[in-house]
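Thanks for coming. I will go through one structure today, and I will give the cut-offs as the terms come up.

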Amino acid sequence: MYSFDFARPTSVADAVAALGQEDAQALSGGQTLIPTLKQRLASPSVLVSLSAIADLKGVSAEGGTLSIGAGTTHATVAAEAGAYPALAELAGQIGDPAVRNRGTIGGSIANNDPSACYPAAALGSGATIVTNSREIAADDYFQGMFTTALEEGEIITAVRFPIPEKAAYIKFQQPASRFALVGVYVSKGAGGVRVAVTGASNDGVFRWSEAEAALAGDFSAGAVEGLAAPSGADMISDLHGSGDYRAHLVKVLTKRAVAKANG
Amino acid sequence: MTIRFDNPDRPNSYIGKTVPRPNARKLVEGRGRYVDDIVLPRMVHVAFVRSPLAHARIEGIDAAAATGVKGVLRVFTGADLAAVCTPWVGVLAHLKGLKSPPQNALAVDRACWVGEAVAAVVATSRAAAEEGAALVEVDYDPLPAVTDTMSALDADTPVIHPGLGDNLAFRRLHEEGDVEAAMASAHKVVSARFRTARHTGVTPEPRSILVDWNPAESQLTAWHATQAPHMMQSVLAEHLDIPESRVRVICGDVGGSYGIKVHVYPDEVATAAIAKVMGRPVKFIADRLESFTTDIHARDHEIEAKIAVAKDGKILAIDVDDWTGIGPYSVYPRTSAIEGNQVVNLCGGPYDFANYRARTTVVFQNKTPTCQYRAVGHPIAVAITEGLVDMAAAAIGMDPVEIRRRNMYADDAYPVTSPAKMRFEGLSHHASMDKLLTLMDYDALRADQAEAMKRGKRRGIGIASFIELTNPSPFMYGIGGARISAQDGCTVRMDPDGSVVALSGVTEQGQGTEAMLSQVVAEGVGVTPEKVRVITGDTQVTPYGGGTWASRGAGIGGEAALQAARALRHSILEVAGAMLQADAGSLDIRDGQVVNADTGAARLPLEELGRIVYFRGDTLPKGLPRELVQTRHFITMDYPFAFTNGVQASYIEVDTDTGVVTLLKHWCVEDCGRVINPQLVDEQIRGGIVQGLGGALYEEIHYDTDGQLLNGSMADYLVPMAAEMPDMVIGHVETPTLESDLGAKGAGEAGTAGAPAAVMNAINDALRPLGAQVTEMPFTPERILRALGTITD
Ligand SMILES: Cc1cc2nc3c(=O)[nH]c(=O)nc-3n(C[C@H](O)[C@H](O)[C@H](O)COP(=O)(O)OP(=O)(O)OC[C@H]3O[C@@H](n4cnc5c(N)ncnc54)[C@H](O)[C@@H]3O)c2cc1C
């Protein structure tokens, strides 16, 4: 780790101001950023902790929408997002207890790790990413692995999920970290059917449109059966699974997620 | 007087009972003392600059920037240390033809694997040492890397050590009977290609050493996380040119070893050499990446094997061609040829058959050196043997239990000599199998499997019989010229308060050695185990011994402790007889009291006897021996090794959509002779099984073709984790060895030996109806799906 200055503002406005400094970086739960600093892969001059900003915390459900403050931990979401059970379950399966007690939804969505779970939920629910300056539809927000629509110094303040009629997430765990080797989030709601896949693609989280089309008319596992799995060529290939294996899992897990969503 | 082990109600009956571990509370409360907990005045830290290339000439080392870092005191190169530390060669005379080049504490001129230490930076803090290490500039000239085992001997493969002529470290062919003829006339011949993955031990406590050189006493003291303090004493003395008597190795608490910490590591010897040069205590604690790149690896084998069977299932012949890549050096002093040698010795182990051929080919590569890791060679040999036996059973339509019953040595056949020329004193394959089948309820499990199949679930049962080599004699290392003691000693002393101290040459690595010793000594003397304090791991204090390896602690060290304890008991009773004016033979010691042997009536507490002996010796008869300290040593003589046996079973379910194997349950029945502490033995078996399951399903060190290690972290090197582990049912059959009064053989490696084969057979049992088979470990979900043809390239 290299040395840095540390700021702990109590309002979003102060945080935005602090992030205006050169090479400043936001710190939320630190579950991604701290290891990166330890390995000297990042060297911010100022770390701006978001943990003292009360406005960034909490889960609330109103009129079919679940809003989660960006600074809310995975453990809190798991415990308090009962209005959207599939999302609460997803949060409860992230990493291990330490990760869940520190890591936050804002940090996860901002980081957009290609194997993270929340991006699949956000894209798979058609969520809205709320920042200090604007609202961004999930479809526009995720732009490839570790890449998002966020501008320099922009802070996510909340994520708003329309609560679908049916939804489920199935994750095939990387055996050590419990990240998604492949994870599939399906939902069926006012906005139609969505199938979001994480862990698999070199382009990060994506919507499997062929499956969405098939499921739009027949929301059953059988509707996916006849589809070819997406091409393995564009998939992540690593020690834990080749692109072809991941592509295969996308289809298997989609079927299982649909079956699970149907209860 | 012999101990009536058959009577569980005998006085002081601690041998055979679960007694608490004396050191458990200390460790659980965080009061253990590991090497890294020790801080000495003027202590400095060393960090190593390690080769980023698998094979490269070192053209130059520029340490200017490093020495400029605040806190950095000195930078050592290979040449610097070569001046004070002689190189070593990892060969043993009885492994005929084994060759290996001289190896230095720091690479001189050439680095031969990614992670090999090429320079050492010494600083007042670990952080400064690491900072300095990052700034040492090494000018490398890359050389071609040899990474593939099977082509290592090809004519167009570069020779890693030109002075040796080729990349062949060792080759051994063993032939018994006429394999070709047996194969030619057999009812069925089945062949398969097996692969066991290169993996490593992943000790919770990394390798650690702290060395102090005291010039005033000309004495070197090393606090070392090691399994074999006396071996290290000898090695440090020889290579640093210090009389052996002036080297003291202290081994305090150790956070797991599994064989990893029984070898001579260049960076550890370098630490000692630096301490001697600088005259200051020097500490080295490996970090996790260093553990992955420099702890020994193991099990990197590729095998072609065949079995021939008759119509009735009798094994006619086994033919094994084993290849293993061991890295660029044979590890000192135990050598890297032992694992392949063990494969030759152990294949076919449980079975009575006539024609056997096995060859091992041990080649050099530019990867981390491999050497002995828990159950050396056993998991490989058991996978080959048991894999073949199951395939043969399937080929002739016989139940896997039945084919084993027809071939295992009869329980009354002993002593016998196997086709591999291993001598078995007494094993219990059939009794163990019977017990296993009862424990697992084999027929009910088969019914459950069939029932599951109806629900579309693919379940499988796998059985693996095995033998395990324990209690080694000097035939393992000593005859080859290594100063490694197969003998072990124990000194037992009674202090004035009637308590007992036992000093033993075997060591505690977290496995419970001290618990085992305390109960053996307690029973031998006649006190409760709490009255016994055990001291291990200090070459200046304990009797000379081998330490922890090859499952020898209880069988060898335990017997020495028993004999010493009983000698002390005899001495105490001699004094008691004089004090009580009774015949010593009419007295006994029970729960710390001298009693009448026949009635049990209390006569004299040991603390009173202690008070008289130590403070009022004037009241005892002149000339009465009062030696309340006794030492005994034990070495096995009748057999080179005490073989044990056992059988494991695994019940698994394969998810044929994802390829995931779920371990439903696991059983092991094993025969380690006398069970001294049932709970400790059961946990040794369980821990061993977990390591075996790791090899079967998860653990694999990956290298690319340039010799870069690809998964040097706990995020990418998969180890078995609690959530995936099945319930394990452990049972025992006891066939004590007649070589000792205690009758104990080893139990530390049985779990690891059989688990991978049991899982492999279970998976193949589940996949067989689908026409698929796996033989390449670990059985990852993707490998399962490829075997099923679900994924193809
Ligand atoms: C062992 C382990 C296992 C894990 N397993 C999983 C898993 O199974 N599934 C999963 O999804 N994740 C997993 N994670 C990741 C975990 O969920 C992280 O918490 C998450 O990715 C980052 O959240 P954080 O709050 O810790 O963010 P930080 O590490 O603090 O920050 C991450 C990045 O986001 C930026 N950032 C943080 N908050 C904001 C904000 N409000 N606005 C803008 N930028 C912001 C930071 O500047 C930084 O670049 C795992 C992590 C570990 C260590």
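Among contacts in chain A between residues at least 6 apart in sequence, 60% join residues at least 24 apart. Two residues are in contact if their C-beta atoms, placed from the backbone, lie within 7 Å.

Before going on, note that this is a predicted model: local features need pLDDT of at least 70, side-chain atom pairs count only at pLDDT 80 or more, and totals for chains, interfaces and linings use all residues. Residues are numbered from 1 along each chain as its sequence is written, and chains are lettered from A and ligands numbered from 1 in the order in which they are written.

Back to chain A. It has 11 helices and 12 strands; helices (H or I, at least four residues) and strands (E, at least two) are DSSP runs, numbered from the N terminus. The radius of gyration of chain A is 18 Å, close to the 18 Å that the globule rule gives for 263 residues, so chain A is as compact as a globular protein of that length. That radius is taken over C-alpha atoms, and the rule is 2.2 Å times the number of residues to the power 0.38.

Now chain B. An automatic or database domain assignment supplies the bounds: domain 1 is 24-32 + 487-634, domain 2 is 35-143 + 206-254 + 260-294, and domain 3 is 297-474 + 638-788. In chain B, 16 residues of domain 1 are in contact with 19 residues of domain 3. On the domain 1 side, helix 15 of chain B gives the largest share, 6 residues.

What else does helix 15 of chain B pack with, and at what angle? Helix 15 (residues 553-580) meets helix 16 (residues 606-615) of chain B at about 85°, with their axes 11 Å apart. Axes are lines fitted to C-alpha atoms, for helices over the stretch in contact, and angles run from 0 to 180 degrees between N-to-C directions. The contact includes Ile572(B) from helix 15 and Leu609(B) from helix 16. By class it has 7 nonpolar, no polar and no charged residues. Ala, Val, Leu, Ile, Met, Phe, Trp, Tyr, Cys and Pro count as nonpolar, Asp, Glu, Lys and Arg as charged, and the others, Gly among them, as polar.

Last, the two chains together. Their contact takes 12 residues from chain A and 14 residues from chain B. Helix 11 (residues 243-261) of chain A gives the most to the chain A side, with 5 residues. That side divides into 7 nonpolar, 4 polar and 1 charged.
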